[in-house]
Amino acid sequence: MKFASNAAPHWLGAESVAVLMRQVLYALVPALIVLVWFFGAGIILNILVAAVVALGSEALVLRIRKRPVGLFISDYSALVTAVLLAMSLPPLTPWWITATGTVFAIVFAKHLYGGLGYNVFNPAMVGYAVLLVSFPEDMAAWPLPRNITPDQQTLSLFTVLQYWATGSVPADVTVDALSAATPLNSVKGQLGMMRTMPEIVGDPLFGNLAGHGWEWINAATALGGGWLLYRRIIRWQIPTAMLAGLLAPALVFYIVDPATHPSPAFHLLSGGTMLGIFFIATDPVSAAASNRGRLIYGLGIGIITYVIRNWGAYPDGIAFAVLLMNLAVPVIDRYTRPRIYGHGA
Amino acid sequence: MTNGRTSNQALPLPAWGIRLESRKVDSETGAIKKMPPPGELIVALKQNIGVPAETIVQPGERVLKGQPIAIASRWGLSVAVHAPTSGAVMAIEERPIPVAGGGTGESVIIEPDGKEERYAGYVAQMNSKRLPPPQIRNEIMEAGIVGMGGALFPTATKLNPGSGIQALILNGVECEPYISADNALLTERSDQVLRGAAIMLAALDCDECLVAVKADMAEAQAAVQAAIDALGDDRISLVVVPAFYPAGGERQLIELITGKEVQAGGLPWDVGVVCQNVGTAAAVAKFFDEGEPLISRIVTVTGDGVGTAANIEVMIGTPIVDLVEFAGGYTDDAAGLVMGGPMMGFSLPHDQLPVTKATNCILVAGQAELDPSVREMPCIRCGECARVCPAALMPQQLLALARGPDYEALESQGLQDCIQCGCCDYVCPSYIPLTSRFIEAKQGLWENHLVSQRSALALRRFDARGERLERRESDRSDELQRQVDEIGPAGEIDADALRQLKQRVKSKKPGDKT
Amino acid sequence: MVAGLLVMAFLSGLLGIVLVISARRLPADTMTVVDQVNGVLPHTQCGRCGYSGCRPYATAIAAGEADINQCPPGGDEVIVALSQLLGRPAKALDESFGLAGPPIVAVVDEDICIGCARCLDACPVDAILGAAKFTHTVIANECTGCELCIPACPVDCITVTENTSQLDARAAH
């Protein structure tokens, strides 16, 4: 009897890239629900625009590059990039801004570097950084969270749609309702005006630990991240190190001078901290390769985030922190290679 | 180092490796079955790492069970080969043999006569443990015993490490799924294994033997412990190894048990350890106790593609087709034939191949048992491969280097340290055939070495020739000077004559006899 | 303005000192280009490149007088290695110098050999054993396959065959 020949090993035990990416999308659902609850349906529009543009440009570039379109489209990686970018944007973002960011993420950050697996920088964060420097005002324009708006409601779907399509404010809506400062923004601005932290957190914008709404968004994001850890889709090194890198300086400065430094809890539960820790920094393609390298990589992101938040020009620093550490990955990889079995003690 | 370790003490979990479903139940339940001689035996002469044995029989000759049919070659590592049963030598010819990548080897074809008439040249030796070590090694070499775990390294050579061996590790870990030949051996014949261990300890002049059994092999553990108690030999103890793949790899097992690493290019005895397969120990005992050389072995025949999975004691040289027939034949589901386990075993293209001393398992896989080759995706650098690699390599980096291929970097990043266990393939979410790539790259690296070594040798020879020619030139002028001196002081000879002489010498062509 | 000038002057002075120190302290790269090129060549010493041996060819390459694709025994590997080393574009082997092929060795047909010893001197690596009026033989492991002995033989008893000696080359390391 004759048999077909195959190379060893004959067993494969891993879930495919597509399955892993799908799990990442599932893990974002709790954060999405809380985001929508506090800030309205605008975030869904962001996701739709980003997803359509991401898949469209991915397919286009794959065709131009003569790669199998169906195979790579179905790996879900473009969709993950799109959703991460969309969830970083304010819920009131005109569609062309989202589309521009997505095109930069997919075409420039991903495919010009060689596509899946070859991108040096985190695509979603490249898209975000491009938007941050190109449309600084739009990127800072977050509405008030539901529980502190005058009517305890998020903006009506009609208003959101109108703004999304035209980028202009409907006549019956005040500009204030559309764009309030985020807690991070507020802290940065008011510290600059010589107010102290106890005064600042007295504002209605702030809840018990951090900004209203943001506390819950970050908690829900962390929940999804915990599930990814449990499913072993991400490993503990990067999240733990980034957490440490952010918390350690926050704690030191808070103890030294609580009047001008927000609490560690505030840092933990504000802005994109949890999204960064569990979903952005853990992107394996642009992260360091070895376990030791990943600890350094995560630590670097955490520290740079704190530095930018505290002394930089931007209220949140995760995107730039991730991109800077992406730059450092080849060096980290070179010096953190594990000792090979049987070479030296 | 291992003193004071009580038996059954669990070892720490390794930082590498994977947990695999063991799938051993099928063949564990039944006792070891003994297969009668088949219609034809194909006994390959290369049953060891090194050089094939040299035949000492002729076609047409009658041979007896256990009679040497080939003796160890003088040209390298080699061990004798014996007739598995009595019968007639039909031919000595090239036949396909089961090796990775396929190939043929000179084989002695024997037609058994069914009489099982024994060769009288070997007899049982009751005082085996008191024989001097060199004699034990000679007899083991004579008995054709090689590493039965699949490595086929001549056992006698491995039992000759010089002094300073602190422990003999008997490897009964069998970490690959499906394979249960060692498990069955330990469960049923632990006493034989331990008798072999005692002989090996005598050969090594060593006082500690650890029998390593995997954590999920409870029956085998109990049997080994019972045999140790019955024997009352406090030099031998049981060690339970975590059920991780590849815990049964020699270096991995030594690391798990002793915490020591065998350096690259080194051997286990550098860290005071000798590792032998339990089947090898049993073969040693069989030779000294019964006078029977290595002519049979236990093979696990398993998988959905075979009638009744079983551990079968079978003569070396039995065609696999007959072995499968004995195990109930193929089922309709039979889709793949693998020698060894699903992780490191290799596909066999057909079943007209003989069992060798390395055949621990014949896996007749059903449709659903082996993973089909799936579409490979780019590496996403998830790092799972590095996490499971028992050699602490970074397969994802090696893969990128192998594409070049950048041989210098491949070497410095440990390509040669890859043990081809397949763990990286197993955990890769992009389904990249990493192990195959590394095997290819190793071949390329080796060829690259060959080219640069040839070139270095040529350069050395070329330079040496240059020196030689120079030396010859200077010898010639010395000789000339000597002749001039002989003729007399320079003043007594006229200049013209000297010039003529010099010209005469110079005009002689190089290579001519002077 | 003045401060800027001072800063720049100070910086360039400082960097200059650093450069001087590093140039003196760090180990110099003593390998000349000729040595490096020579290291890449296969050392068959066959002379097919048009030069009398590998080193003369290396010298010519380093001087820019010879192209990097004139070495048939080296084949594509050597061309690629040379192009990486020298930063010159890789190109196909110039087949007017000969065809690339598997490694070869010379074999003396001992029935025909008359023991003239002429091939001994033709061999650039002393790989032929023999003496006048005795049959010669080639040490296969040390033969580079340069074919220079073939024209030297008056009775045409030397032929070439594919070199399959792998283990020996490994042992020679």
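Predicted model: local features only at pLDDT ≥ 70, side-chain atom pairs only at ≥ 80, totals over all residues.
Let us start with chain A. Its secondary structure comes to 18 helices and 0 strands. Along its principal axes, the C-alpha trace spans about 80 × 50 × 30 Å. Buried residues account for 53% of the 345 residues in chain A. If you take the contacts in chain A between residues at least 6 apart in sequence, 75% of them join residues at least 24 apart.

Chain C is organised in another way to look at: it is divided into domain 1 (33-97) and domain 2 (104-171). The C-alpha centres of these two domains of chain C lie 25 Å apart. Where they meet, 5 residues of domain 1 are in contact with 6 residues of domain 2. Chain C also carries a nonpolar patch on the surface, formed by C:Val7, C:Met8, C:Phe10, C:Leu11, C:Leu14 and C:Val18, with about 580 Å² of accessible area together. One of these residues, C:Val18, lies in helix H1 (residues 2-25) of chain C. C:Val18 is partly exposed, because its relative accessible area is 47%.

Now to the charges. Side chains of opposite charge can pair when their charged atoms come close. Over all chains, the structure holds 31 salt bridges. One of them joins A:Arg235 to B:Glu384, with the closest N and O atoms 2.8 Å apart. This pair crosses between chains, running from the loop between helices H13 (214-230) and H14 (237-256) of chain A to helix H9 (residues 384-388) of chain B. B:Glu384 is buried, with a relative accessible area of 14%.

B:Glu384 also forms a salt bridge with B:Arg387, at 3.0 Å between the closest N and O atoms. Both residues lie in helix H9 of chain B, 3 residues apart, or about one turn of the helix. B:Arg387 is partly exposed, at 30% relative accessible area.

Elsewhere in chain B, B:Arg62 forms a salt bridge with B:Glu117, the closest N and O atoms being 3.0 Å apart. B:Arg62 sits in strand E4 (residues 62-63) and B:Glu117 in the loop between strand E8 (104-112) and helix H2 (133-142), so the pair ties together parts of chain B that are 55 residues apart in sequence.

Note on methods
Residues numbered from 1 in each chain as written. Chains lettered and ligands numbered in written order. Heavy atoms only, no water. Patch = residues over 30% accessible without salt bridge, like charges linked within 9 Å, V, L, I, M, F, W, Y side chains within 5 Å. Areas by Shrake-Rupley, 256 points an atom, 1.4 Å probe, with all protein chains shown as cover. Salt bridge = Lys/Arg side-chain N within 4 Å of Asp/Glu carboxyl O. Helix = DSSP H or I, 4+ residues; strand = E, 2+ residues; numbered from the N terminus. Buried < 20%, exposed > 50% of the residue type's maximum accessible area, 1.4 Å probe, protein only. Contact = heavy atoms within 4.5 Å. Domains from an automatic or database assignment.
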